[in-house]
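Please look over the sequence and the structure shown below before reading on. The report then takes up selected features in turn.

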Amino acid sequence: MEVPILKQGSFLIATVQAALTDADLLQFRTAIIHQVVRSRSRGVILDVTDLDVMDSFASRTIREIAQMIRLRGAETVIVGIQPEVAFAMVQLGLTMEGVATALDLEEGLAYLNQKIKTVAS
Amino acid sequence: MRLENAAIAAVGDVSVDEIRVSITSDQDIIAARHQGRALAVKLDFSPGDATLIATAISELARNIVSYARHGEIRIRPAQNGERPCIVIIAWDDGPGIQDIGQAMRDGFSTSGSLGLGLPGVRRLMDDFEIVSEQGKGTTVTVRKWKP
């Protein structure tokens, strides 16, 4: 299952639409980094609203993606982590340390706009 | 080696309702947690508990793929008197775990993964039992009780 990546101005929006295998996640990691480079993106929103399980592998891979994107000078924000998923992640001992999170797409966009404004000024 | 010797009499029994998912690849991990969630919902677990169960299955199945390459996830309903529960058994005939005490500590891993697997699964579920023999394999049995 491929994760579609949409270009929205200087941002990229990636929406996870179904459960991802480890291979899907790794493929997404490669795709999003390339897209950030190609589009000279300033920010990435990863929408995980439809993700029903975030296990250790998924959360580690997403953290790595955010770190790589930061090294390119862009920001990542994860949006839409479901309450049940958040609860399970905490029980499992998984944190999204160092990765911005927001309630939904709208909040995520607001966060990125704010972040970029701060950098510009 | 055995940790937390809980009385699990039915480990060897094959219940009619038992779901078995053979685990050999990362795709099977998704199939297993899918089945687990479906049974949890059928047994009327809350959406929150169903997610905890699916997440635990994901971690257990991933351990099979990472360490043993081949194994099985067995999922079935059970009961203690009136109180129902869901039982997950993660079985493999891999190399076994050398030091279970160490494997149960947060942050320990031999496959380069985060190593949060087993202690995390223990926190997600209510009962946790692990039996591992070097060269023979590992069986992890976990249960979640209906509140």
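This is a predicted model: local features need pLDDT of at least 70, side-chain atom pairs count only at pLDDT 80 or more; totals for chains, interfaces and linings use all residues.

Chain A contains an open sheet of five strands, ordered S1-S2-S3-S4-S5, in which the pairing is mixed. Strand S1 (5-8) and strand S5 (100-102) of chain A stand at the edges, and because each has a single partner strand, one side of each is left without a neighbour in the sheet. From one strand to the next, the twist averages 25 degrees.

Within this sheet, strand S2 (residues 11-15) of chain A runs parallel to S3(A) and is joined to S3(A) by five bridges; Ala14(A) stands opposite Leu46(A), which belongs to S3(A).

## Helices packed on the sheet

H1(A) lies across S1, S2 and S3 of chain A, and the direction of H1(A) is at about 160 degrees to S2(A). H2(A) also packs on the sheet, where H2(A) touches S3 and strand S4 (75-79) of chain A and makes an angle of about 150 degrees with the direction of S4(A).

## The contact between the chains

Chain B contributes 21 residues to the contact and chain A contributes 18 residues. On the side of chain B that touches chain A, the elements giving two or more residues are helix H1 (26-42), helix H2 (47-68) and helix H4 (117-124) of chain B, and H2(B) gives the most, with nine residues. Sorted by class, this side of chain B has seven nonpolar, eight polar and six charged residues.

## The covering of H4(B)

H4(B) is mostly covered, since six of its eight residues are buried, namely Gly117(B), Leu118(B), Gly120(B), Val121(B), Arg122(B) and Leu124(B). The cover over these buried residues includes elements of both chains: helix H2 (56-71) and helix H3 (83-92) of chain A, together with H2, helix H3 (100-103), strand S5 (127-133) and strand S6 (137-145) of chain B.

## Two loop residues with positive phi

Most residues other than glycine have a negative phi. Arg40(A), although not a glycine, has a positive phi of about 50 degrees, and it lies in the loop between helix H1 (22-39) and strand S3 (43-47) of chain A. With 10 other C-beta atoms within 10 Å, Arg40(A) is exposed.

In chain B, Asp44(B) has a positive phi of about 75 degrees, and it too is not a glycine. Asp44(B) is placed in the loop between H1 and H2 of chain B, and Asp44(B) is exposed, having 10 other C-beta atoms within 10 Å.

How values were computed:
Residues are numbered from 1 along each chain as its sequence is written. Chains are lettered from A and ligands numbered from 1 in the order in which they are written. Two residues are in contact if their C-beta atoms, placed from the backbone, lie within 7 Å. Helices (H or I, at least four residues) and strands (E, at least two) are DSSP runs, numbered from the N terminus. Ala, Val, Leu, Ile, Met, Phe, Trp, Tyr, Cys and Pro count as nonpolar, Asp, Glu, Lys and Arg as charged, and the others, Gly among them, as polar. A residue is buried if 20 or more other C-beta atoms lie within 10 Å of its own, exposed if 12 or fewer, and partly exposed in between; C-beta atoms are placed from the backbone. Two strands pair if DSSP finds at least two bridges between them. Axes are lines fitted to C-alpha atoms, for helices over the stretch in contact, and angles run from 0 to 180 degrees between N-to-C directions.
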